[in-house]
Amino acid sequence: MALYKEQSLKIYNSLTGKKEDFIPLLEGHIGMYVCGPTVYSNVHLGNVRTFMSFDMIFRYLKHLGYKVRYVRNITDAGHLTDDGDQGEDKIAKKARLEKIEPMEVVQQYTVDFHNILNAFNFLPPSIEPTATGHIIEQIEIIKKIIDNGYAYEKNGSVYFDVVTFNKDHEYGKLSGRKLEDMIANTRALNAQDEKENPQDFALWKKAGPEHIMRWPSPWGDGFPGWHLECTAMSTKYLGEQFDIHGGGMDLKFPHHECEIAQNEAAMGTVPVRYWMHANMLTLNGQKMAKSTGNSINPGEIFTGDSPHLTKGFAPSAARFFVLQANYRSILDFSNDALIASEKGFNRLMESLKILKSLSTDASSSMDVAAWRQSCYDAMNDDFNSPILIAQLFEAVKQIHLIKDGKATITADDLKLLTKTMNDFVFDVLGLEDGDAFAKADDTKLNGAVELLIKLRKEARENKDFATSDKIRDELLALGIQLKDGREGTTFTVN
């Protein structure tokens with residue numbers, strides 16, 4: 001029997017503002033869509049946090065035995081510089097600055113995106129569609145919206161009529177905003193604006209002569225609005241209604257709000273059962289921003305090549321840090337927090353190795369079955385990974401007590417404990433043993449220390465004992481002790 005039949009999962013639904021029993025549209029099957037990156041620059045660490053949260057969710061749903069179709073798009077066109085209806089496509093802007101083709105920009109940063117996610121041990125989505133690959137579908141949806149009376153064409157551009165839509169539907173229900181309030185707090189349109197109302201948003205924009213990325217349409221050459229691509233791709237691969245739509249908290253308004261409006265206007269259906277939003281990531285207590293220098297590239301975490309870090313960290317140690325916070329909580333990223341998390345991660349990995357050599361007894365002092373259910377209870381409560389991790393460390397305590405002869409476990413319970421730990425640590429949380437990264441670090445450390453030993457030897461041969469002693473004392477202060485012997489100088493790391 002599939003695990004989902006014996007576990008009761010609750011998900012916090014952003015649409016209703018409460019946790020709800022999760023009941024998929026089709027038993028045993030789940031359709032999940034997550035807004036992917038706009039590939040005009042290196043993937044932002046905050047975006048990585050969002051994608052990591054949904055990777056964990058994807059993993060847990062699969063672990064429960066669901067057949068999951070996970071769609072995560074690549075935005076390679078149609079994303080304007082101000083996320084509104086003005087300016088130019090961010091990818092086109094980058095291409096113009098670097099004097100390369102837009103698709104060169106897309107390729108470069110899509111590769112970077114995949115490399116970073118692979119390093120963090122993400123599972124690939126079931127489908128990864130691109131906006132430019134679905135222009136026809138987007139045009140067809142615009143036609144439906146126009147035919148249903150919720151959009152209008154002006155000078156080769158098409159705009160969604162929010163005011164007309166709101167007469168029959170509720171615009172703002174996801175973000176909790178009222179259209180009347182939005183209108184009252186918006187500046188009046190000037191003579192150059194094509195929109196009939198300030199809240200209207202572009203479904204299709206006419207391309208000026210300078211615009212590089214452009215496609216033919218019934219309204220002339222142009223490009224799709226930002227919000228339209230997700231409506232087109234989610235419904236194409238998951239149907240007019242599907243189970244879960246996820247993304248960052250910053251996408252709730254206007255992006256996801258506009259998605260709902262587009263779906264209802266084109267198809268007359270509420271598209272998504274459960275809306276999920278991951279919260280933001282801060283750095284040293286402040287919002288991340290390249291302009292202030294308070295930012296870090298995900299790849300810099302592995303190398304330590306950042307003014308915000310004192311060393312590099314294994315990808316799984318960083319992943320472990322991220323998952324120690326609930327996906328709906330703000331997470332503050334710092335060097336000290338990573339170091340503390342790394343210690344916990346190493347202790348967890350050490351305990352998994354100890355598990356393999358534990359002795360068994362006739363009885364167990366630990367109720368393994370009850371502990372196992374507590375792990376599921378944590379994840380069933382809106383994917384509460386920090387509570388799950390706390391439960392895993394309850395098992396870590398017991399593992400060390402059994403090793404020290406202060407607790408006992410039967411062979412059957414040891415088998416269940418081992419399977420449950422492996423299931424949640426590796427399959428659900430997606431962690432990997434850090435030995436490979438540690439060995440790479442050890443190779444670098446050994447090379448650096450051997451070089452210093454050689455320099456110290458040369459100093460002693462030149463009777464430069466001050467330099468020789470300084471090398472020895474400085475290394476000792478760092479926890480590296482040199483030992484002189486007949487065979488030469490060796491070292492230990494304390």
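What follows covers the ring pairs, then the charged side chains.

This is a predicted model, in which local features need pLDDT of at least 70 and side-chain atom pairs count only at pLDDT 80 or more, while totals for chains, interfaces and linings use all residues. Residues are numbered from 1 along each chain as its sequence is written, and side-chain values use heavy atoms, with hydrogens and water left out.

A pair of aromatic rings is described by the distance of the centres and the angle of the planes. Rings of Phe, Tyr and Trp (its six-membered ring) pair if their centres lie within 6.5 Å; planes under 30 degrees apart count as stacked, over 60 as edge-to-face and the rest as tilted. The whole structure holds 17 aromatic pairs. In one of them, the planes of Phe22 and Tyr66 meet at 80° with the centres 6.1 Å apart, so this pair is edge-to-face. Phe22 is in the loop between strand 2 (18–21) and strand 3 (29–34), and Tyr66, 44 residues apart from it, is in the loop between helix 1 (45–63) and strand 4 (67–72). Helices (H or I, at least four residues) and strands (E, at least two) are DSSP runs, numbered from the N terminus.

Phe22 has 7% relative accessibility and therefore counts as buried; Tyr66, at 9%, also counts as buried. Buried means under 20% relative accessible area, exposed over 50%, partly exposed in between (1.4 Å probe, protein chains only). Ring pairs join Phe22 and Tyr66 with Tyr4 and Tyr274 in a cluster.

Two charges sit over rings (NZ of Lys or CZ of Arg within 6 Å of the ring centre and within 35 degrees of the ring normal). Lys311 lies over the face of Phe313, 4.2 Å from the ring centre, and Arg328 over that of Tyr12, at 4.0 Å.
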